[in-house]
Amino acid sequence: MTTTAMGEARAALSGARRVAVLTGAGISAESGVPTFRGAGGLWRRFSALDLATPEAWADDPGLVWEFYDYRRRVMADKAPNAGHQALAAFEARLAEAGRPFTLVTQNVDGLHEVAGSSRVVHLHGSLWRVRCVGCGRESENRDVPITPAYEGAGDPGADVVGRGFGPEDLPRCGCGGVVRPAVVWFGESLRDEDLRAAFTAAAECDALLVVGTSAVVYPAAGLVPHAKRGGAVVIEVNLEETPATAWVDHHLTGPSGEVLPELLAP
Ligand code: BJW
Ligand code: ZN
């Protein structure tokens, strides 16, 4: 990243009244949370992305819960990093100045809220919520393990993945139905209100900041051209170029935990 690129991006942000942000797994990487694509993949024997599908759930809900239970356990000692904190402080500063701000995240880890971000649109749901496949009721659930049967399961390092959990091991709703993670899998629709909030923010913002996403998953990746067509300045922060880079005005190469504090400093 050149100092010119940083200076130009800072000037673009300070000239913007309305700001929107789209984050992906890369912003949590420096907190030790694994990303989906690239090196350091989540699971050894099963591809994380193959488990994030309704087909995987239909085939083996016990295995899918093993994956999500493991991810919930991984989060136990994880904390927001300087990138999450810079965004939370930026939101507070814009709020004081009466400047509209929307943070849209594809992440399910909840670290933006822990850092103090107050209004977060969760496009792909939350690791900490479950939904009953019987009655549809959704609720917060922070149990780790998700049921006693999952104690010690799922750690890819321990080679116990795919233990073969049965219906009796699965978490259940008061109605008796099985509950699933309240996240959005491939082929599933995003919630209307989240989609509307995200696309409205992208259309109306003067600047869109895109952080730590490979920008290959839709409709989230579509926010970038949508903002651009609406006249926004787009700034991307990533370790590498992505398909979104073609749309952006400023690409800042580097880890978000280092780039964002400088970019968003008062
Ligand atoms: C750093 C860093 C550091 C690392 N600092 N940077 C249009 C075209 C083509 C396909 C479609 C389309 N519309 C819909 C589709 C189908 C599909 C899709 O997009 N497929 C493509 C992959 C081809 N989309 C869907 O199915 C969506 N549903 C939908 O559209 O419904 C309507 C519909 C239905 C049926 C047919 C058609 C339409 C749903 C998508 C749901 C995605 N779900 C997941 C799992 C969520 C739950 C969970 O967490 O388990 O969401 S998949 C996974 O990918 C997860 C993520 O949120 C998402 C995006 O990943 P992200 O965040 O970008 O992470 P990575 O790992 O990919 O990238 C990390 C980046 O960080 C990299 O760039 C690094 O360089 C960078 N980085 N360290 C800065 N320190
Ligand atoms: Zn139920």
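The following exercises concern a predicted model of a protein chain with a ligand.

**Exercise 1.** Determine how the radius of gyration of the protein chain relates to that of a compact globule.

*Solution.* 
Step 1. The chain has 266 residues, for which a compact globule would have a radius of gyration near 18 Å.
Step 2. The protein chain has 19 Å, which agrees with that expectation.
Step 3. The chain contains 10 helices and nine strands, and 52% of its residues count as buried, that is, they have under 20% relative accessible area.

**Exercise 2.** Identify the surroundings of ligand 1 and state what share of its area the protein buries.

*Solution.* 
Step 1. Ligand 1 is surrounded by 36 residues, and the closest are Arg37, Tyr68, Arg71, Gly187 and Ser214.
Step 2. By class, this shell comprises 18 nonpolar, 13 polar and five charged residues.
Step 3. Consider the polar contacts, for which the cut-off is 3.5 Å. A backbone N or O atom of Gly187 lies 2.6 Å from an oxygen atom of the ligand, and a backbone N or O atom of Phe36 lies 2.8 Å from one. In Ser214, a side-chain N or O atom is 2.6 Å from a ligand oxygen atom.
Step 4. Taken alone, ligand 1 exposes 1500 Å², of which the protein buries 76%.
Step 5. Helix 2 (26-29) and helix 5 (61-74) are the elements that give two or more residues to the shell.

Key:
Residues are numbered from 1 along each chain as its sequence is written. Chains are lettered from A and ligands numbered from 1 in the order in which they are written. This is a predicted model: local features need pLDDT of at least 70, side-chain atom pairs count only at pLDDT 80 or more; totals for chains, interfaces and linings use all residues. Side-chain values use heavy atoms; hydrogens and water are left out. A residue is near a molecule or strand if one of its heavy atoms lies within 4 Å of it. A polar contact is a pair of N or O atoms within 3.5 Å; within protein, one must be able to donate a hydrogen and the other to accept it, and residues adjacent in sequence count only if both atoms are side-chain atoms. Accessible areas come from the Shrake-Rupley method with a 1.4 Å probe; for residues, only the protein chains shown count as cover. Helices (H or I, at least four residues) and strands (E, at least two) are DSSP runs, numbered from the N terminus. Ala, Val, Leu, Ile, Met, Phe, Trp, Tyr, Cys and Pro count as nonpolar, Asp, Glu, Lys and Arg as charged, and the others, Gly among them, as polar. The radius of gyration is taken over C-alpha atoms; the globule rule is 2.2 Å times the number of residues to the power 0.38. Buried means under 20% relative accessible area, exposed over 50%, partly exposed in between (1.4 Å probe, protein chains only).
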